[in-house]
Amino acid sequence: MPVTKAYPFEPEEAPPEYRGIPRIDPVLCIGCGACANACPPNAILRIDDPQNGTRRIVLDVGRCIRCARCEEVCPTGAVRLTTEFEAATDDRGDHVEVVELGLARCRGCGKYTHYTERQVEKVLSLIPRGILDFDRVREKLPLCSECKLKLTVLNATKFGEVDGL
């Protein structure tokens with residue numbers, strides 16, 4: 001019976017509880033950026049391009065400290081730590097993972113908003129039917145901050161007129 005392991009000549013599996021390299025599932029990611037906000041070493045960045053209407057979630061595995069905060073805060077389970085531990089590579093690009101998503105357009109002015117289309121879909125899917133006015137929420141949701149402010153002022157003005165204020 002051998003007393004040493006044949007690694008690296010034979011693959012070695014990490015235990016299931018091992019915190020390995022994180023991965024982002026691009027199908028599940030909604031681009032909310034919660035992972036980027038929670039990442040202490042800034043291994044995950046959220047980069048918006050309002051000119052082209054895109055948001056990029058960029059994961060740099062080389063900066064990751066395997067704290068798993070990204071996994072904890074991800075609302076869709078898109079970020080997962082694997083049991084992979086071999087990160088050595090000759091190409092720095094192998095350490096960078098990019099998920100690109102489209103920003104939602106404002107229904108009022110047509111500008112790109114600060115959230116993605118997938119975020120809008122996710123929020124709409126979470127609204128319980130019958131409790132809130134779903135159609136009204138859907139109308140307001142894809143609005144930029146300027147149009148929301150205008151709508152709020154407009155509604156407040158109407159409220160004041162109705163009550164005689």
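Modeller: Buried means under 20% relative accessible area, exposed over 50% and partly exposed in between (1.4 Å probe, protein chains only). Helices (H or I, at least four residues) and strands (E, at least two) are DSSP runs, numbered from the N terminus.

Colleague: Okay, what kind of model is this?

Modeller: This is a predicted model: local features need pLDDT of at least 70, side-chain atom pairs count only at pLDDT 80 or more, and totals for chains, interfaces and linings use all residues. Residues are numbered from 1 along each chain as its sequence is written, and side-chain values use heavy atoms, with hydrogens and water left out.

Colleague: Let's start with helix α3, then. Which residues are buried there?

Modeller: Helix α3 covers residues 117–126, and Q119, V120 and L124 are buried in it. Look down the axis of α3 and its buried residues fall within an arc of 130° (taken from the directions from the helix axis to the C-beta atoms), so they line one face of the helix.

Colleague: And what's on the other side of α3?

Modeller: There you'll find E121, S125 and L126, which are exposed.

Colleague: Speaking of α4, where does F134 sit, and is it buried or exposed?

Modeller: F134 belongs to helix α4, and it's buried, with a relative accessible area of 10%. Leaving out residues up to four places away in sequence, F134 touches L124, I127 and R129 (contact is heavy atoms within 4.5 Å).

Colleague: How far is F134 from C144?

Modeller: Their C-alpha atoms are separated by 19 Å, and the two residues are 10 apart along the chain.

Colleague: New topic: strands. How do β3 and β5 pair?

Modeller: They're antiparallel, with 7 bridges between them; to count as paired, two strands need at least two DSSP bridges. For example, R55 has L101 in β5 as its bridge partner.

Colleague: What about β2 and β3?

Modeller: Strand β2, residues 44–49, also runs antiparallel to β3, joined by 6 bridges. There, L45 has V58 in β3 as its bridge partner. These two strands make a hairpin with 4 residues between them, where G53 takes a positive phi near 70°.

Colleague: And β5 with β6?

Modeller: Antiparallel again, over 2 bridges, with β6 spanning residues 112–116. L103 stands opposite T116 in β6. Their hairpin has 6 residues between the strands, and G110 in the turn has a positive phi of about 90°.

Colleague: Last thing, the inside. How many residues are in the largest nonpolar core?

Modeller: It has 20, and those with the most contacts inside it are I24, C29, I44 and I57. A nonpolar core is a set of buried Ala, Val, Leu, Ile, Met, Phe, Trp, Tyr and Cys residues joined through side-chain atoms within 4.5 Å. At least two residues of this core come from each of α1 (34–38), β3 (54–60), β4 (79–81) and β5 (96–105).

Colleague: Which residues does I24 touch?

Modeller: Setting aside residues up to four places away in sequence, I24 touches C29, I57, L59, A78, V79, E97 and V99. Another core lies apart from that largest one: it has 7 residues, among them A104, V120, I127 and L141.
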